[in-house]
Amino acid sequence: MGFSVSGATAVLFVGLLVGAATLYPAVDQYAERTADAANADDERLLTQRNTAIETVNATYNATADELTVAVRNTGASTLSVSKTDLLVDGSYARFSAANTTVSGDPATDIWAPGQTLRVTLSDPAEPSRVKVVSGPGVAVTAPVEVR
């Protein structure tokens, strides 16, 4: 075995070390991001499991052309009013903070467990059903009582 074989072996070994040194941070970062994503998904699922809402009533006043939907937070998670969506007969209904109250408080965005969110919409067509979707994705559907 001459010097050329030893030199070639040394070059290959150095190349292998440089390759491993380059690959290790990429693999480490991939594993860290995968673990972070799994933790975030677990937290999202835990929040969704701790969320429950129920419809108190959905009433349409035909005289005033006003729809009022009351939904109670029966879960353990605190919800956000601004992240809550309302569908009226399958169509997205926009509502502002001015049209909502949480247990009588019109200024809050926090919908705590045990509290009732009341949404009032003016001038919708006579609806037959509503669906309320909370921020974590838990939804409840109810028929509308027309008065």
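Mentor: The largest nonpolar core has 23 residues, a nonpolar core being a set of buried Ala, Val, Leu, Ile, Met, Phe, Trp, Tyr and Cys residues joined through side-chain atoms within 4.5 Å. Buried means under 20% relative accessible area, exposed over 50%, and partly exposed in between, with a 1.4 Å probe and protein chains only. Ile53, Leu67, Val69, Leu86, Trp111, Leu121 and Val130 have the most contacts inside this core. At least two of its residues come from each of β1 (53–61), β2 (66–73), β4 (85–88), β8 (116–122), β9 (129–133) and β10 (139–143); strands are DSSP runs of E, at least two residues long, numbered from the N terminus.

This is a predicted model, in which local features need pLDDT of at least 70 and side-chain atom pairs count only at pLDDT 80 or more, while totals for chains, interfaces and linings use all residues. Residues are numbered from 1 along each chain as its sequence is written, and side-chain values use heavy atoms, with hydrogens and water left out.

Apart from neighbours within four places in sequence, Leu67 is in contact (heavy atoms within 4.5 Å) with residues including Thr59, Val88, Val119, Leu121, Val130 and Val144.

The largest cavity holds about 40 Å³ of space, the volume being the space filled by probe spheres set on the points, which are joined across faces, edges and corners. Two or more residues of its lining come from each of β2, β4 and β8. Lining residues, which have an atom within 4 Å of a point, include Val69 and Leu86 for this cavity. The lining divides into 7 nonpolar, 1 polar and 1 charged; here Ala, Val, Leu, Ile, Met, Phe, Trp, Tyr, Cys and Pro count as nonpolar, Asp, Glu, Lys and Arg as charged, and the others, Gly among them, as polar.

Finally, the loop between β8 and β9 contains Ser128. Ser128 counts as partly exposed because its relative accessibility is 48%. Not counting residues up to four places away in sequence, Ser128 touches Asp89, Pro143 and Val144. The side chains of Ser128 and Asp89 are joined by a polar contact of 2.9 Å, that is, a pair of N or O atoms within 3.5 Å, one able to donate a hydrogen and the other to accept it, with residues adjacent in sequence counted only if both atoms are side-chain atoms.

Key
Helix = DSSP H or I, 4+ residues; strand = E, 2+ residues; numbered from the N terminus. 1 Å grid on protein atoms, 1.4 Å probe; cavity = no way out; pocket = protein on both sides within 12 Å on 5 of 7 lines; lining within 4 Å.
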